Amino acid sequence: MAAFTVRLDDDKTRRLDLLAEKLDRPRSYLAAQAIDDYLAREEWQIAEIEAGIAEADRGEFASADDLARVTAKYVTSGREG
């Protein structure tokens, strides 16, 4: 297992220490968990972007009707009622 130094400002250090105390965990554990969460999120996002690019490269695009249906779910006409 590798170890490395991370520099945090005083406020982040204080918040991390408070959270570590409340969770009865060392701050290094919380930092490792935060890095795990970050890596998982970023890896997922990059995989989704790459999948979308591959679909576009294959010419797999939504039709105008598909786009209109999705847009209609989220856009109102501006009329009350």
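Biologist: How many residues line the largest pocket, and which of them lie nearest its centre?

Modeller: This is a predicted model. Rolling a probe the size of a water molecule over the atoms shows where empty space is left. Here the largest pocket is lined by 16 residues, and V6, R27, S28, A31 and A32 lie nearest its centre. The elements that give two or more residues to this lining are α1 (10-23) and α2. The volume of the largest pocket is about 610 Å³.

Biologist: Which element gives the largest share of the lining of the largest pocket?

Modeller: That is α2, with seven residues. By type, the lining of the largest pocket has ten nonpolar, three polar and three charged residues.

Biologist: How do I read helix α2, and what should its 31 residues span?

Modeller: An α-helix has 3.6 residues a turn, so residues three or four places apart point the same way. Helix α2 covers residues 27-57.

Biologist: Where is D24 placed, and is D24 buried or exposed?

Modeller: D24 sits in the loop between α1 and α2. Its relative accessibility is 70%; exposed means over 50%, so D24 counts as exposed. The phi of D24 is also positive, near 55°, in a residue other than glycine.

Methods:
Residues are numbered from 1 along each chain as its sequence is written. This is a predicted model: local features need pLDDT of at least 70, side-chain atom pairs count only at pLDDT 80 or more; totals for chains, interfaces and linings use all residues. Side-chain values use heavy atoms; hydrogens and water are left out. Helices (H or I, at least four residues) and strands (E, at least two) are DSSP runs, numbered from the N terminus. The expected span of a helix is 1.5 Å times one less than its number of residues. On a 1 Å grid over the protein atoms alone, a cavity is a set of points where a 1.4 Å probe fits but cannot get out, and a pocket is an open set with protein on both sides within 12 Å along at least five of seven lines; lining residues have an atom within 4 Å of a point. Grid points are joined across faces, edges and corners, and a volume is the space filled by probe spheres set on the points. Ala, Val, Leu, Ile, Met, Phe, Trp, Tyr, Cys and Pro count as nonpolar, Asp, Glu, Lys and Arg as charged, and the others, Gly among them, as polar. Buried means under 20% relative accessible area, exposed over 50%, partly exposed in between (1.4 Å probe, protein chains only).
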